[in-house]
2 protein chains.
Amino acid sequence: MGVAKLVAPIFYLAIFALLIITMRLLTVGSVAFDAIETPFGKTDKIVGGAGTFIALSSSFFVKDQGLISVVGDDFPSETLDYLNSKGVNTKGVQIKEGEKTFFWSGKYHNDMNSRDTLVTELNVLGTFDPIVPAEYQEVDYLMLGNLSPEVQRTVIERLPNRPKLIAMDTMNFWMDIAMDELKKTMSLVDVLIINDEEARQLSQEYSLVKAAKVIRAMGPKFLIIKKGEHGALLFHNEDIFFAPALPLEDVFDPTGAGDTFAGGFMGYIAATDDFSFENMKRAIISGSALASFCVEKFGTTRLTEITSNDLNRRVEKFVSLANFEMNQLV
Amino acid sequence: MGVAKLVAPIFYLAIFALLIITMRLLTVGSVAFDAIETPFGKTDKIVGGAGTFIALSSSFFVKDQGLISVVGDDFPSETLDYLNSKGVNTKGVQIKEGEKTFFWSGKYHNDMNSRDTLVTELNVLGTFDPIVPAEYQEVDYLMLGNLSPEVQRTVIERLPNRPKLIAMDTMNFWMDIAMDELKKTMSLVDVLIINDEEARQLSQEYSLVKAAKVIRAMGPKFLIIKKGEHGALLFHNEDIFFAPALPLEDVFDPTGAGDTFAGGFMGYIAATDDFSFENMKRAIISGSALASFCVEKFGTTRLTEITSNDLNRRVEKFVSLANFEMNQLV
């Protein structure tokens with residue numbers, strides 16, 4: 001009886017502490033300005049950045065998440081307010097007085113599958129030291145958006161406890177200039193999300209099946225290879241899942257589609273708290289559905305317009321697109 | 001009673017006639033020699049041709065089919081015997097004494113997605129007049145392999161009754177030199193099977209969704225767009241189905257994969273006698289499974305090695321690759 005008297009308050013205190021300090025999902029990624037030119041038109045500076053797309057996309061599933069990033073004092077507070085209204089805690093977004101926000105400008109070719117970078121101004125991102133606010137200490141799921149592998153690793157190291165699952169995006173740029181750093185960070189994560197060209201560069205294998213083996217030997221137990229309009233592949237042990245992309249009449253602006261995919265994927269995993277292979281399939285379909293909205297207008301526009309109903313209807317389109325049932329015949 | 005006495009014998013005679021003369025599937029296509037070079041090796045002249053691949057592939061489903069083609073007296077009778085043993089009636093394969101069989105030679109690039117044609121010797125195919133043997137007069141399903149659109153149309157015109165479903169393959173070559181003829185033939189068929197580049201050329205649209213609308217307005221109610229390692233799309237009215245390709249460690253020789261796909265597709269349709277959208281999905285998966293074998297060795301080698309059990313196991317791989325089940329979440 002004496003023990004029971006002691007245990008009960010400790011138990012309730014522990015539950016209370018968990019409720020207070022556990023954050024469902026934490027994203028690290030750029031919050032930035034983009035200027036985009038496509039065959040359909042061009043924009044002035046609009047809000048973009050991997051962290052922005054990931055947080056907006058995952059907010060369809062997760063109502064309690066944090067964002068770590070850095071902006072200059074030129075960044076609109078309205079965007080941070082909007083993120084807050086979607087359940088995104090932006091205490092981890094440092095605002096550097098007297099400095100400018102990261103800026104990228106690019107022009108897409110007619111096929112929308114390739115693009116030229118016109119301008120990259122690192123600005124505040126050049127000296128980014130990712131600070132983990134006190135209230136982000138306990139994190140269930142961590143999504144590392146495309147950033148220098150050193151910054152990505154710093155965040156992992158600064159969390160007192162390892163999240164249940166860490167996913168990471170990266171790009172060919174880091175493979176070109178920081179392969180050793182990249183491999184160090186990769187060895188610490190569970191899920192790597194890259195595109196087919198990056199998988200080939202990273203593994204030095206043309207076949208994606210062979211590439212997946214080489215890359216998974218570098219650390220990530222799960223590998224997602226994005227193939228743009230050709231869908232995405234998930235590799236884990238001997239299992240492979242293929243998710244189609246929705247065939248679209250027009251791709252208006254592909255910027256942020258990969259980040260939106262990653263955000264939807266990780267948001268779904270975090271909300272369901274289930275990273276079985278079967279649930280990862282659902283997460284990939286969810287991410288693909290959100291990405292299919294993202295490309296319909298410039299920047300984050302579509303992600304701020306659509307409702308949960310729109311998303312559900314889009315997911316149903318994926319089901320009807322990919323669904324078939326075999327009868328044994330031969 | 002007098003009428004019944006008359007009707008019964010006529011009824012049985014009709015059934016008897018149907019059993020005798022109705023052919024489940026008729027294929028028209030080249031029977032040829034190929035010489036192939038890939039990064040993995042090269043062959044001397046081996047047996048190839050669209051008609052050969054289609055008939056071999058569909059023979060996994062259909063035990064009663066006919067082939068219309070033409071060869072020279074240099075063509076091995078063993079190949080025709082082998083086709084006969086698989087239920088392929090080759091009475092429609094004309095053997096031209098003193099002439100040579102169609103010969104194609106090509107070299108694949110390292111990515112296996114593009115190739116150079118080294119030699120094309122039309123030989124007997126240059127003057128091909130497709131004769132429909134008496135026993136092929138009643139045909140349920142017709143598969144027109146890639147040939148001149150005029151030859152394809154001649155076969156349709158020479159059949160006394162229109163088959164239930166006519167499918168047709170073609171290629172960019174005919175779009176370049178015989179677009180009007182091609183459109184005439186296309187207007188007579190139900191299913192067109194082409195690849196993504198050909199769909200773009202034919203429709204002058206980059207988006208495959210837009211291309212499909214333009215092409216279906218030319219006649220075929222069903223359009224299948226093959227995307228090689230990226231799978232295949234089926235369009236019909238507002239419905240779209242996406243079939244993945246099996247991710248492979250190595251593609252040894254892609255020659256004939258498209259024909260094998262078409263043969264498996266049409267063989268499945270003919271054997272099930274069902275061309276609903278749902279059954280076409282199964283037919284596409286069946287064709288994809290057979291094509292995934294075809295590329296594992298040079299030419300028709302794998303198609304002559306595998307069993308129905310192998311095929312069933314391969315189809316199961318497609319099911320596990322593409323299968324997912326959503327739970328409504330948002």
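Two residues are taken to be in contact if their C-beta atoms, placed from the backbone, lie within 7 Å. By that criterion, among contacts in chain A between residues at least 6 apart in sequence, 67% join residues at least 24 apart. The structure described here is a predicted model.

Along the principal axes, the C-alpha trace of chain A spans about 75 × 70 × 45 Å. Of the 330 residues of this chain, 47% count as buried.

Nine strands of chain A form an open sheet with mixed pairing, in the order β6-β5-β1-β9-β10-β11-β12-β13-β14. At the edges stand β6 (88-96) and β14 (239-243) of chain A, each with a single partner strand, so one side of each is left without a neighbour in the sheet. From one strand to the next, the twist averages 20 degrees. Within this sheet, strand β11 (residues 191-195) and strand β12 (residues 222-226) of chain A pair in the parallel sense over five bridges. A:Ile194 has A:Ile225 as its bridge partner in β12(A).

Helices accompany the sheet of chain A. Helix α2 (residues 50-58) of chain A lies across β1 (22-28), β5 (65-72), β6, β9 (138-144) and β10 (165-169) of that chain, and runs at about 145 degrees to β1(A). Helix α9 (residues 257-272) of chain A also packs on the sheet, where it touches β1, β9, β10, β11 and β12 of chain A; its direction makes about 155 degrees with that of β9(A).

In chain B, attention may turn to other strands. Six bridges join strand β1 (residues 22-28) of chain B to strand β9 (residues 138-144) of chain B, and these two run parallel. The bridge partner of B:Leu26 in β9(B) is B:Leu142. Helix α8(B) packs on the sheet and touches β11 (191-195), β12 (222-226) and β13 (232-236) of chain B, with its direction at about 140 degrees to that of β12(B).

A further pair of strands in chain B forms a hairpin, with six residues between β7(B) and β8(B). Strand β7 (residues 103-108) of chain B runs antiparallel to β8(B), and six bridges join the two. One of the residues involved, B:Phe103, has B:Glu121 as its bridge partner in β8(B). In this hairpin, B:Met112 takes a positive phi near 65 degrees. Strand β8 (residues 115-121) of chain B is hardly covered, since the count of buried residues among its seven residues is zero.

The relation between the chains remains to be described. Chain B can be laid on chain A with an RMSD of 0.0 Å by a turn of 180 degrees and a shift of 0.0 Å along the axis. The two copies are thus related as by a two-fold rotation axis. Of the residues of chain B, B:His230 comes closest to that axis, at 3.0 Å (C-alpha).

At the interface, 38 residues of chain B are in contact with 38 residues of chain A. On the side of chain B that touches chain A, α8 (208-216), β14 (239-243), α9 (257-272), α10 (277-294) and α12 (308-322) of chain B each supply at least two residues. The largest share, seven residues, comes from α12(B). The residues of this side divide into 24 nonpolar, seven polar and seven charged. Of the interface residues of chain B, 100% are also interface residues in chain A, so the copies meet through the same surface.

Notes:
Residues numbered from 1 in each chain as written. Chains lettered and ligands numbered in written order. Predicted model: local features only at pLDDT ≥ 70, side-chain atom pairs only at ≥ 80, totals over all residues. Least-squares fit on C-alpha atoms with pLDDT ≥ 70 in both. Helix = DSSP H or I, 4+ residues; strand = E, 2+ residues; numbered from the N terminus. Nonpolar A, V, L, I, M, F, W, Y, C, P; charged D, E, K, R; others polar. Buried ≥ 20, exposed ≤ 12 C-beta atoms within 10 Å, placed from the backbone. Pairing = 2+ DSSP bridges. Axes fitted to C-alpha atoms, helices over the stretch in contact; angles between N-to-C directions.
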